[in-house]
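Subject: Structure for you to look at

Hello,

Here is the structure I said I would pass on. Please have it open while you read the notes below.

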Amino acid sequence: MRPIGYFVHHQGRGHAERCAALVNALPAGRPVTIFCARDDIFPPLRDGVTVIRIPSLFEAAGTEPATMDWVPTPATLHCAPLGWPGIRVAMARIAGWFAETSPALMICDVSAEVAQLARICSVPHVKVVQHGDRGDPGHRAAYDGAAGLLAPFHEALAQPDWDAGMRARMFFAPGLGCPAGPRVDRAAARARLGLDADRRVVLVVSGQGGNGFAQAPLGVGARATPDAQWITVGHVERDWHATEPSNLTHEGWVDGVADHVAAADVIVASTGNTTCQQILAAGKPWIAVPEWRYFDEQVRKAQALDAAGVALHLPHLPSSAHAWHRALAEVEARHDPARQAALAGTDGAPQAAAWVEGLIDRLWPAQPANIIPLSSVS
């Protein structure tokens, strides 16, 4: 079998979790080579999968010249600073692997530049699609040149601006990277966490891809609802002016949040991939507050979740007691756990893997690898 290449962005958890789920579901005889700036973020990978660590494409190492930033960046590129040794090394390793192995295709999660590199090197690519304001020439070039587009969410969360050409090549895989397990019992979860069995619990979840929520508005919300226990998991950005009541506790990073999600009555969370899947699967009232991301990724995802009837989108945390009361009342009135469960789906990996294999069959119908050794190229 021809190998598959897979570029994985190393911010947050979602990219690596999606990758592991998909490659583990591919046929055992399909070799996979993963290119990533970190090799310690992946769940267990099956035999036949190799991780090659490459330099980060956007984090400076300190050896980059500061004399070339006056040269404009073309609209077809996003992050392509000049003179960076790390970028040269990363792209050279990927391009060299293309030449040495003649891969079936390259899966890109996510980088418009790597996707375009594959196309320039005559390698078919699959582009993972994320929400966001991505109608710019760079994203369009990556999408338009792709053999397929992989959307790791339910079709009901598609953005209305995705045109027919994109939708025709798009495969929706809800639950990809987040396999459904047995639903965690609320009472048992509270017992394990040492929480009151009857007290209302508001859970605040910050993902791993950013700086988290600010402390002050959470203090306002907790003080406005003294009957509830407020718990935060993940990073909270400290505010010197925050006045916190005793019903607000910060637990920081925890090993999995399944018990916390199951124990909650209401969840306030950003809209990262893993967080979305966990909350939808649990069927909890959800106030979706996007964190800053490039291209307004979380903003557009929160809007899609709201439009689909599975979350209440707020552009920012409420800034007053009455705003918190209004938001909490609205999210509980709109709550539709059956709709949430339908959009959560199950583990999308087997279906996504079958789609990838079908795409390879269409691209390479019983053709030999036809590898040209680099040593023979003069």
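Is Arg38 buried, partly exposed or exposed? Arg38 is partly exposed, because its relative accessibility is 33% (buried means under 20% relative accessible area, exposed over 50% and partly exposed in between, with a 1.4 Å probe and protein chains only).

Before the rest, some notes on the source. This is a predicted model, in which local features need pLDDT of at least 70 and side-chain atom pairs count only at pLDDT 80 or more, while totals for chains, interfaces and linings use all residues. Residues are numbered from 1 along each chain as its sequence is written, and side-chain values use heavy atoms, with hydrogens and water left out.

Salt bridges

Side chains of opposite charge can pair when their charged atoms come close. The structure has 16 salt bridges (a side-chain nitrogen of Lys or Arg within 4 Å of a carboxyl oxygen of Asp or Glu).

One of them joins Arg38 to Asp40, with the closest N and O atoms 2.9 Å apart. Asp40 is exposed, at a relative accessible area of 55%.

Another pairs Arg300 with Asp161, at 3.2 Å between the closest N and O atoms. Arg300 is in helix 10 (residues 297–307) and Asp161 is in the loop between strand 6 (148–151) and helix 5 (164–168), so this pair ties together parts that are 139 residues apart in sequence. Helices (H or I, at least four residues) and strands (E, at least two) are DSSP runs, numbered from the N terminus. Asp161 is partly exposed, with 41% relative accessibility.

Glu332 and Arg200 also form a salt bridge, 3.0 Å from N to O. It links distant parts of the chain, as Glu332 is in helix 11 (residues 321–334) and Arg200 is in strand 8 (residues 200–205), 132 residues apart. Glu332 is partly exposed at 37% relative accessibility, and Arg200 is partly exposed at 22% relative accessible area.

Helix 7 and helix 11

How do helix 7 and helix 11 cross? Their axes come within 9 Å and cross at roughly 75 degrees (axes are lines fitted to C-alpha atoms, for helices over the stretch in contact, and angles run from 0 to 180 degrees between N-to-C directions). Helix 7 is therefore roughly perpendicular to helix 11 (65 to 115 degrees; under 35 is roughly parallel, over 145 roughly antiparallel and the rest oblique).

The contact (heavy atoms within 4.5 Å) involves Pro217, Leu218, Val220, Gly221 and Ala224 of helix 7 and Ala321, Trp324 and His325 of helix 11.

Regards
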